[in-house]
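Subject: A structure to look through

Hi,

Here is the structure I promised to hand over. Please open it next to this email, and then read on for what I found in it.

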Amino acid sequence: GRHLVGQQAHGLAALRPVHSPILAFTPHLPLLRQLRLRTVINLLDRLPDEYKEFLEEESIEYVHTAVKGNKAHCEEMDRAKVASALALVMDRARHPLLIHCRSGKHRTGALVGCIRMLQRWSLEDTCDEYVFYCKHKQRYVDKQYMERFNPRTMAALAPPPDRLPTWLAPDCVDQIGRASCR
């Protein structure tokens, strides 16, 4: 599918080694093995049964961060849980890393939008990328969620300086190497 390595996955192919596939996990196991993942972040409310054996066989750390999707006109994504997931993404020691929800559009798309804000993408470019991958299923409330994301909230959760990814915007790293976007 379009969500795997070598192809755009909410643009995350450019962020290697971070990937975001759709839930259809089993048909892609051979390709997923090639990624040599260290961490899988699941934004769903449950661990799909087809994951368990794969995760154990590959010695992959599994992080379950159940996040409700934003619905209609109601922002429901828990900002603390999203920040927790972003802290994992910001830690190079956990890479290669895979992020997923059910379809890779809304929860994953909003999380990727927050990553883009950490990279200092403009809100317009961030939302354009989100719309490109969501197509006709975009949600205005997801765009609002990204707009309201404040990279400064990540300062206390940032990993040590030597574990920050190279894609983190330089102005988001202060003198002590902690995330501190201005």
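Ala66 touches Asn42, Leu43, Leu44, Asp45 and Lys81, leaving aside residues up to four places away in sequence; a contact here means heavy atoms within 4.5 Å. You will find Ala66 in the loop between S3 and H3. The labels H and S stand for helices (DSSP runs of H or I, at least four residues) and strands (runs of E, at least two), numbered from the N terminus. Along the sequence, Ala66 and Asn42 are 24 residues apart, yet their C-alpha atoms are 7.0 Å apart in space. Ala66 counts as partly exposed, at 24% relative accessibility. For that term, buried means under 20% relative accessible area, exposed means over 50%, and partly exposed is in between, with a 1.4 Å probe and protein chains only.

Thr65 is in the loop between strand S3 (61-64) and H3 as well. Its contacts, again not counting residues up to four places away in sequence, are Ile41, Asn42, Leu43 and Lys81. Thr65 is buried, with a relative accessible area of 8%.

Before going further, a word on what you are looking at. This is a predicted model, so local features need pLDDT of at least 70 and side-chain atom pairs count only at pLDDT 80 or more, while totals for chains, interfaces and linings use all residues. Residues are numbered from 1 along each chain as its sequence is written, and side-chain values use heavy atoms, with hydrogens and water left out.

How confident is the predictor? pLDDT is its confidence in each residue, from 0 to 100. The mean pLDDT of the protein chain is 76, and 74% of its residues reach 70 or more. Over residues 1-15, pLDDT stays under 50, and the model has 50 contacts for them beyond four places in sequence. Over residues 175-180 pLDDT also stays under 50, with 19 such contacts in the model.

Now the overall picture. The protein chain has 6 helices and 4 strands, and from the N terminus on its elements run β-α-β-α-β-α-β-α-α-α. Of its 182 residues, 52% count as buried. Among contacts with a separation of 6 or more, 64% are between residues 24 or more positions apart. The chain exposes about 8,700 Å², and carbon and sulfur atoms supply 52% of that; the area comes from the Shrake-Rupley method with a 1.4 Å probe, and for residues only the protein chains shown count as cover.

Which residues of helix H3 (residues 79-89) are buried? They are Val82, Ala83, Ala85, Leu86, Ala87, Leu88 and Val89. Arg79 lies over the face of Tyr145, at 3.9 Å from the ring centre. A charge sits over a ring if NZ of Lys or CZ of Arg is within 6 Å of the ring centre and within 35 degrees of the ring normal.

How many aromatic pairs does a search of the whole structure find? It finds 1. The ring centres of Phe132 and Tyr133 are 4.9 Å apart and the planes are at 85 degrees, so this pair is edge-to-face. Rings of Phe, Tyr and Trp (its six-membered ring) pair if their centres lie within 6.5 Å; planes under 30 degrees apart count as stacked, over 60 as edge-to-face and the rest as tilted. Tyr133 is buried, with a relative accessible area of 6%.

Finally, some backbone details to look up. Most residues other than glycine have a negative phi, and most peptide bonds are trans. Arg36, in the loop between helix H1 (29-35) and strand S2 (39-42), has a positive phi near 55 degrees, and Arg36 is exposed, with a relative accessible area of 68%. Ser59, in the loop between helix H2 (49-57) and S3, has a positive phi near 50 degrees and counts as exposed at 65% relative accessibility. A cis peptide bond joins His95 and Pro96, with omega about -5 degrees, and Pro96 is in the loop between H3 and strand S4 (97-100).

Happy exploring!

Methods. pLDDT = per-residue confidence, 0-100.
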